[in-house]
Amino acid sequence: MSVPQAKGFIDFNARKRISSLLDPGSMRELVSPFDRITSPWLEKQNVVPQFDDGVVVAKGQMDGQPVVCAAIEGSFQGGSLGEVGGAKIAGLLELAIEETRGGNPTCAVLLFETGGVRLQEANLGLGAIAEIQSAIMELRELQPVVGVITGPVGCFGGMSITAGLCSYLVMTREGRLGLNGPQVIEQEAGADEYDSRDKDLIWGLTGGIQRHATGLVDVLLDDDSSAMRDQICDFLNRGVRECHRSDQVSQFLSILQKVDTDEQITAEDAFNILTRGNFDAS
Amino acid sequence: MTTGSRGDIWFKLLATEDVVAQNKMASVRVAKGSIGDENCWFLAVRPDPDNLYPRARNGEVGLLEGWGLAEAIEDIMSVAVDSTTKEPIVAIVDVPSQAYGRREEALGIHQALAGAVSAYARARLAGHPVIALLVGKAMSGGFLAHGYQANRIVALADPGVQVHAMGKSAAARITLRTEEELDHLAKKIPPMAYDMESYESLGMLDDLIRIGSVDSPGQDDINIVKQTVGKAIADIGKGDTGIARRLNGANRKASQRVRELMRAQWRD
């Protein structure tokens, strides 16, 4: 008898990621490529747009419960968020809020694979992220919002802040989570501060293993789509989180005010600093 | 001539009762003051050359500033929790960027900024009128954490007041363009621009305030700013806790179109 092979999640594109999570036959993509709503700004800058603008949004069910799911396609423009892709995610969450308030509780799953704002659409990307964040803040008080970061792109820029607002966060060891991309930090602060070629340093500080160990995400999973599905269902069943990570203000502040910043920090230091506090782990 | 950062100048002009002594950090300022007959709170992030975190000494929003803003807003909300009046909160925005550094990434600056975003959004959703008053730079993660969750966004009309996803010099370095090339591109692509007139065309700005001097304002200038902020507060009705009004910009048609289509398909 052969052991069934685990199906990796990371190799799936955005659309396949969503369909692998939703109950079979329940996925309904909204504003799909057939609607051909492309970025109004990319062609003017000689970038070929994509019919889905690199973001797939759908409604469907998980374990029979209504859910909306958005996935960013990391292979299009680095998973960057522009006007259309940003509006798709914000609009989807806004509809989930309405639906929930109207008596049909609808939770949300966000699959982050993004470098953040698309610089070619700068202020419309940034503005859309503020609207996505506002919608998460409303929805998470009514229904859980689960964030997933698997890589290969990871989750950076304004969308890393968005991830920090989610009710629950899942990572794999292939994912990275950080505000500023390594090259931008090196550019702004120098290679002594952050050497973007030093993979061990970067993964050690921002990779899934470290983010989980330091309590900045809830669960670390292997790259296995059925385990991913089970984990997300588990979080959806837990319901609204009592104290969100983003609201553990005094815990974080009391720790961060005591950090010795004379020496440059290592991953081990970060672990010791962040686990010294008494964070709510679930 | 008033000295200090733009944020500092306007904070001092608008706030009357500085409660900074109660705060644990010099980079986040909180004060009471009034607009018209109404008591309100003023919040600002300011440069602190002695900041514990070296990469956050020039007014950037870093680890302490993100969580510090969250703490300040939570304090404001806890005072108001039993009273029916939710005092307005005015974020005075002059933030060059988020902090770029190794310690920042290692210790979760994204989470610190999420703390500030969450606090501002909770204040707005709880009924506190939240106004962002842009007096200098409103850049990227710094602006997301300090100002972008406001009910209303108003700005001083001045070349030094800028909104963008990345500061101009950094954006030039990253995209391998000159700042002049970026300016040229921005003329054709409004969301790429830094100036307030372009930003206004995106629909996210509620008022652009024209005054004589932004750096050394006279009493007339101060009065105009106070009146405009007061008007913005008065415009926020009970239950007006959302930010959907930002969708009405001339250069935001696609944002509306996506939402209309999605709503139509939702029920199909």
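In this predicted model, 70 residues of chain A are in contact with 68 residues of chain B. Seen from chain A, several helices each supply at least two residues of the side that touches chain B, including helix H2 (83–101), helix H3 (122–139), helix H9 (249–256) and helix H10 (267–276). The most is given by H3(A), with 13 residues. By residue type, this side of chain A divides into 38 nonpolar, 21 polar and 11 charged residues.

A:Ser225 belongs to helix H8 (residues 225–238) of chain A. Because it has 20 C-beta neighbours inside 10 Å, A:Ser225 counts as buried. Leaving aside residues up to four places away in sequence, A:Ser225 touches A:Lys7, A:Gly8, A:Phe9 and A:Ser20. A:Ile10 is 215 residues apart from A:Ser225 along the chain, and 8.5 Å separates the C-alpha atoms of the two.

In chain B, attention turns to a strand. Strand E6 (residues 152–156) of chain B is mostly covered, with five of its five residues buried. B:Arg152, B:Val154 and B:Leu156 point one way from E6(B), while B:Ile153 and B:Ala155 point the other way.

E6(B) has strand partners too. Strand E5 (residues 130–139) of chain B runs parallel to E6(B), and four bridges join the two; here B:Ala132 has B:Ile153 as its bridge partner. Together with helix H5 (residues 140–145) of chain B, E5(B) and E6(B) make a right-handed β-α-β unit. E6(B) also pairs in the parallel sense with strand E8 (residues 207–209) of chain B, over three bridges, and B:Asp207 in E8(B) stands opposite B:Val154.

Notes. Residues are numbered from 1 along each chain as its sequence is written. Chains are lettered from A and ligands numbered from 1 in the order in which they are written. This is a predicted model: local features need pLDDT of at least 70, side-chain atom pairs count only at pLDDT 80 or more; totals for chains, interfaces and linings use all residues. Two residues are in contact if their C-beta atoms, placed from the backbone, lie within 7 Å. Ala, Val, Leu, Ile, Met, Phe, Trp, Tyr, Cys and Pro count as nonpolar, Asp, Glu, Lys and Arg as charged, and the others, Gly among them, as polar. A residue is buried if 20 or more other C-beta atoms lie within 10 Å of its own, exposed if 12 or fewer, and partly exposed in between; C-beta atoms are placed from the backbone. Two strands pair if DSSP finds at least two bridges between them. A crossover is right-handed if, with the strands pointing away from the viewer, the path from the first strand over the helix to the second runs clockwise.
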